[in-house]
Amino acid sequence: MEKTTTVAVDSRVEVFLHDGPKKLFIGGEFVESLSGRTFDTTNPATGEVITTVYEADKEDVSRAVEAAERALKGSWSKVTASERGKLLWKLADLMEEHAEALAQLETLDNGKPIQETRHADIPLAIDHFRYYAGWATKIHGEVIDNSAGVNLFTYTRREPVGIVGQIIPWNFPLLMATWKLGAALATGNVVILKTAEQTPLSAIYLAELIQEAGFPEGVVNIITGYGPTAGAAIVQHQRIRKVAFTGSTEVGKVIMQQASSNLKRVSLELGGKSPNIIFPDADFTKAIPGALMGIFFNQGQVCCAGSRLFVHKKVFDNVLSDMTSYASKLKQGPGMDESTRIGPLVSDKQFTRVSNYLQRGVEEGASPLTGGQPLDTNGFFIPPTIFADVQDHMSIAREEIFGPVVAAMPFDDEEHITDIIRRANDSEYGLAAGVWTTDIRKAHKVAHALEAGTVWVNCYNAFDAAVPFGGYKQSGFGREMGSYALELYTQVKSIWINLD
Ligand code: ADP
C-alpha cells in the first residue's frame, strides 16, 4: 500500500471549525447576516461539508459601508502613517504565529497541497503585508513650482480613495485577500472585502487576526457571500468609491458596467491563456520542470498558468516525452497528505468545466499524452493532462480552462521569431508569458514583443510583493503589488495657496 502522510489537524483549526457557523466581520465584530441565511463550504478532496458560514447580502454590505464610513471619518483618520505600518506589520507577525493553522484551513477549503500552502500561499501573504507596512510612511505628495504667480504656492497630497470594495477569487484565497488589503490599508483606505463563496475560511480566520492586531473597528470588513448578491451589492453601492476585482473576464465585464453607476474606480485582474515558449537553445533542465510547474501549480487554477505551450519542433518530441513521464508520476491526492503534489480542483462546478474541456479537446482532434480522464472518486480530481496534436484555433488552445491541462504545439522559426510572436499574441488575453532560451538577445526581443503584463524568462510563476502584476488586453487593467498598487488606492489633490 502507498504510504500516506496525512497532516494532523491543528488544534486552532479544530476550534475554528467547530464553534458554530462562521460569522461576517463587520465594524470590528463577528456578526450573523441580517437574513440569518448560511451556506456550506466543502472539502474538495472528499466533497464533504467542512463548516457553515453566514451568507451576506445587500443589507449586510450596507451595514459594512456604514461601519467603514464611521472608521474613515473617525478613528482611522487619526491613525498616523507610521501606526498604519505598525498595524500591518503586527498582522503579519500574527499570521506567522498562526501560519500552520492558516495553511491547513486553506488546504481544507481549497484542496491545494499543504506543501504549497505552507511554502507558497502563506509565506507570500505574510511577506505582502510586511512589504506594504513599509510603504505606509512613504506616500508623499510634492511641492510644485508653478508659473501662474510668484506668490502662489502649490503642492499635492496623495489621499486615500475612501471606502473600497474588494472581490476576490477562490484560487489563492488568503494571498488574494492580502494583495487587496495591503496597498489599500497602507494608503489609509477602509475596506469591504468579499471572499469567494467556495473558499471563505482563511479570510475569516484572518479577520480574527485583524481584530487581535488592533485595527480600529470598521477599517476592515470581511464578508462571505455569493457574487450576484453580495458581490453585486458592493459593485453597485453608491458610497463605495473603488472596486478591485480578481476573477473571470466574464464577471470583470459585468463589474465594469455596474461600477459605472457612480463612476467607481475599477481595477480588474482577470483571466489568461498564457503562452510559454521553449526555444531549442533552452536549458532543458530548467525549461522542462519550469513548463510543468507553469501549468500544474495549484492544479492549473492560476490566472497566469502557462496553458499554451509552444515548443520548437526540433525538440518537441523530447520535451513532451520528458514532460509526460514526469507529469504521469506526480502524486495526486488530498491536499492534507504531505506527499501530495496535485490536489483536487476547488469545486464540483470547476471539475465539470475542466472535464468538459478534456472531452472537447479529444473531439476537436487533440491527443492526451497523459491524463485526459477525470478520476472517479468523491473528490474533484483531474489528473495532469498534456494535449498534443493541438491546433491554434481549437478551444483548448484559446479558452481559459483553469485546470491542469496544457495544450502543447510545435513551432519552427528559430531565427525569425515573428511567427511565434504572432501566434503567442493571438489571444484576447494578455496576462503573462514565459520564454525559455539561453540567447540573451532573443530573450529580450521576445519579452518586449509579447503582449503580456508579466514575462518570465527562464523561470515561471515567480512572484514578489515588490513586483507589479496585472494584465494587458482582456486580462484586465491596473497593477497590484509594488509601488504601482499605490496608484489604485490614492487620489491626488492639488492645493494652491496665495501667499499675498
Ligand atoms: P469563478 O467563475 O471561477 O467562480 P468568478 O469570476 O465568478 O470566478 O468569481 C470571482 C469572484 O467574483 C467571487 O468572489 C464571486 O463571488 C464574485 N462574483 C461573481 N459574480 C459576480 C457579480 N455579478 N458581481 C460581483 N461579484 C461577482
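This note sets out points on the overall fold and the charged side chains of a predicted model.

1. Overall form. The protein chain contains 16 helices and 22 strands. Its radius of gyration is 23 Å, close to the 23 Å that the globule rule gives for 500 residues, so the chain is as compact as a globular protein of that length. The C-alpha trace spans about 75 × 60 × 40 Å along its principal axes.

2. Burial and contacts. Of the 500 residues, 58% count as buried. Among contacts between residues at least 6 apart in sequence, 74% join residues at least 24 apart. The chain exposes about 20200 Å², of which carbon and sulfur atoms supply 52%.

3. Charge. There are 47 positive and 60 negative side chains, and the centres of the two sets lie 5 Å apart. The count of salt bridges comes to 27.

4. E69 and R239. These side chains meet in a salt bridge (2.3 Å, N to O). E69 lies in helix α2 (residues 58–73) and R239 in the loop between α8 (227–236) and β10 (242–246), so the pair ties together parts that are 170 residues apart in sequence. E69 counts as buried at 17% relative accessibility, whereas R239 is partly exposed at 30%. Both belong to a network of salt bridges that links E66, E69, K73 and R239.

5. K493 and E159. A salt bridge (3.1 Å, N to O) joins these side chains. The pair links distant parts of the chain, with K493 in strand β22 (residues 490–498) and E159 in strand β6 (residues 152–160), 334 residues apart. K493 is partly exposed, with a relative accessible area of 38%, while E159 counts as buried at 16%.

Notes
Residues are numbered from 1 along each chain as its sequence is written. This is a predicted model: local features need pLDDT of at least 70, side-chain atom pairs count only at pLDDT 80 or more; totals for chains, interfaces and linings use all residues. Side-chain values use heavy atoms; hydrogens and water are left out. Helices (H or I, at least four residues) and strands (E, at least two) are DSSP runs, numbered from the N terminus. The radius of gyration is taken over C-alpha atoms; the globule rule is 2.2 Å times the number of residues to the power 0.38. Buried means under 20% relative accessible area, exposed over 50%, partly exposed in between (1.4 Å probe, protein chains only). Contact means heavy atoms within 4.5 Å. Accessible areas come from the Shrake-Rupley method with a 1.4 Å probe; for residues, only the protein chains shown count as cover. Lys and Arg count as positive and Asp and Glu as negative; His and the chain ends are not counted. The place of a charge is taken as NZ of Lys, CZ of Arg, CG of Asp or CD of Glu. A salt bridge is a side-chain nitrogen of Lys or Arg within 4 Å of a carboxyl oxygen of Asp or Glu.
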